[in-house]
Amino acid sequence: MNKKNLRKTSAQFRRIAAQFLSMDSEEEFNFLEDMLNFIEKDAVLSEYIEKCNVHQFDIPTAISEKNAWGPLSLPSGDEMVVAFVYQLLSFFRLNPNKLRGLVMFYTSEKSYKDKYQAFTRKTVAPFINYILSYLEVCLIDAEDEDSITHNIKNKRVFLSYCSKDGVIADIVDKKLQEVLTPHGVHVSRDERDVMYKESFRDFMNSIDEHDFVVMIISDSYLKSRACMYEVLETMKNRNYENKMLFMILSENERIRYSGINDDFLVGANVYDISGRVSYAKYWAQEEKKLQELIESIESPLNQIEPIKELKSVKKILFDIDEFTSMLADRKGIPFKKMEESKFSPLTELVVPKVESN
C-alpha cells in the first residue's frame with residue numbers, strides 16, 4: 001500500500017477508535033462494531049491482526065477471574081496484547097451484555113461513563129496504540145506511487161554557511177549541484193534563492209521544509225547570529241541530528257582565503273572542552289553587550305529591535321553547548337577529506353548509492 005492510502009487508513013482508524021473510546025452510553029455500542037468491521041475490511045490491518053492472532057485466549061475465563069474493581073490482566077508483548085484485546089472485543093461483539101457487565105465492575109466510580117473510560121484506558125487504549133504504531137512503521141517503509149525515484153526528486157538540501165566562508169561554500173555548492181541536480185534534488189543557497197527585496201529571514205525559516213541541512217562549520221559560523229539562527233531552526237526538528245550534515249573547517253583551509261589578517265580564525269575549535277567553552281563565553285559576552293545597549297536606550301520604541309536580538313542571543317547561548325558537543329561527538333569529516341572524497345559522505349546520504357564523478 002502506498003503512503004497516501006496508509007495516511008487515509010490511519011486517519012480513518014483514529015476517528016473510529018476515538019469514537020469508541022469516548023462511548024459513554026449503551027446506545028453507542030455500535031461504535032465497537034464499526035471499529036472491528038473497519039479493521040477486518042482493511043487489508044493492512046487485517047493482515048496485522050492475522051499475524052498477531054496466533055494464540056487463542058480463553059476470554060470467558062479471563063473475565064471471570066478478573067479481580068473486582070480491577071482491570072483485566074494483559075499479556076506481555078505488543079502482538080500478544082493486540083491478539084488478546086481483539087479476541088476480547090470480538091467476544092463482546094457477540095455478547096454485548098458481557099461488556100456491560102465487565103464495565104460495571106472495572107472501577108468503583110459510580111457513573112457508567114467513568115467506568116467505561118477506565119475500561120478503555122486500561123485495556124483498549126494499548127490495543128489501539130499498538131495498531132497506530134504499526135501503521136506509522138508501515139508509512140515509513142512504504143513507497144510512493146511513483147517509486148523511490150519520485151521521493152528523491154522531491155528532496156531539498158539547504159546550504160548553511162557564514163558569508164565569510166563564501167569561498168568554501170562555492171566549492172561545496174558546485175559539487176552538490178553537480179552530483180545531486182541530475183537526480184532532481186534542489187540545493188538551496190541564499191544568494192541564488194533569495195530574490196531582490198525578498199526576506200533573508202523568510203529564507204532561513206524555510207529550513208524546516210528541507211530534508212537535509214549541509215552546514216559548513218567554521219569559527220565565523222559559530223560566532224554568527226544568522227548562522228546560529230539557522231542551527232536553532234534545525235534543532236526544532238525532532239530528528240534534527242539526522243537532518244544535519246556538516247563538515248568542520250580547520251586552519252588548513254586558510255590558504256583558500258584572500259584578504260584575511262592573522263587575527264582571523266578559520267577553523268572551528270570544537271574538539272576540546274576549552275574550545276567549546278570559549279564559544280559559550282563569546283555568546284555570554286554578546287548577551288551582556290546587548291543588555292547594556294538596551295539599558296542605555298531611553299526610548300522604549302527604540303529598544304524593540306535590540307530586545308528581539310537579545311532574545312535570539314539568549315536562545316543561542318542556551319543551545320550552543322549542546323550543538324558544539326554534538327559536533328565533537330559525531331566527529332564531522334574535515335573539509336579536506338570531504339573534498340578528496342568528492343563529498344560522497346554527504347551526497348550518498350541524500351541520494352543513496354550515488355557515486356560522485
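Helix H6 (residues 96-104) packs against helix H7 (residues 112-141) at an angle of about 100 degrees, and the two axes lie 8 Å apart. Because angles of 65 to 115 degrees count as roughly perpendicular, H6 and H7 are roughly perpendicular to each other. The model is a predicted one. Its protein chain holds 18 helices and five strands, and 45% of its 357 residues count as buried.

**The contact of H6 with H7**

- On the H6 side, the contact is made by Leu99, Arg100, Leu102, Val103 and Met104.
- On the H7 side, Tyr112, Lys115, Tyr116 and Phe119 meet those residues.
- The residues of this contact divide into seven nonpolar and two charged, with no polar residue in the group.

**The chain as a whole**

- Among the contacts in the protein chain with a separation of 6 or more, 71% are between residues 24 or more positions apart.
- Asn154 is located in the loop between helix H8 (147-153) and strand E1 (156-160).
- The relative accessible area of Asn154 is 48%, and because exposed requires over 50%, Asn154 counts as partly exposed.

**Salt bridges**

- The whole structure contains 15 salt bridges.
- One of them joins Asp173 to Arg189, with the closest N and O atoms 3.1 Å apart.
- This pair links distant parts of the chain: Asp173 belongs to helix H9 (residues 166-180), while Arg189 lies in the loop between strand E2 (186-188) and helix H10 (190-193), and the two are 16 residues apart.
- Both Asp173 and Arg189 are buried.
- A further salt bridge connects Lys314 with Glu287, where the closest N and O atoms are 2.7 Å apart.
- Arg254 is partly exposed, with a relative accessible area of 24%, and Glu251 is partly exposed at 36% relative accessibility.
- Beyond these pairs, a network of salt bridges links Arg225, Glu286, Lys289 and Glu309.

**A buried lysine**

- Lys243 is part of helix H14 (residues 240-243).
- The relative accessibility of Lys243 is 5%, and because buried means under 20%, Lys243 counts as buried.
- The side chain of Lys243 reaches the backbone oxygen of His210 at a distance of 3.0 Å.

Technical notes: Residues are numbered from 1 along each chain as its sequence is written. This is a predicted model: local features need pLDDT of at least 70, side-chain atom pairs count only at pLDDT 80 or more; totals for chains, interfaces and linings use all residues. Side-chain values use heavy atoms; hydrogens and water are left out. Helices (H or I, at least four residues) and strands (E, at least two) are DSSP runs, numbered from the N terminus. Buried means under 20% relative accessible area, exposed over 50%, partly exposed in between (1.4 Å probe, protein chains only). A polar contact is a pair of N or O atoms within 3.5 Å; within protein, one must be able to donate a hydrogen and the other to accept it, and residues adjacent in sequence count only if both atoms are side-chain atoms. Axes are lines fitted to C-alpha atoms, for helices over the stretch in contact, and angles run from 0 to 180 degrees between N-to-C directions. Angles under 35 degrees count as roughly parallel, over 145 as roughly antiparallel, 65 to 115 as roughly perpendicular and the rest as oblique. Contact means heavy atoms within 4.5 Å. Ala, Val, Leu, Ile, Met, Phe, Trp, Tyr, Cys and Pro count as nonpolar, Asp, Glu, Lys and Arg as charged, and the others, Gly among them, as polar. A salt bridge is a side-chain nitrogen of Lys or Arg within 4 Å of a carboxyl oxygen of Asp or Glu.
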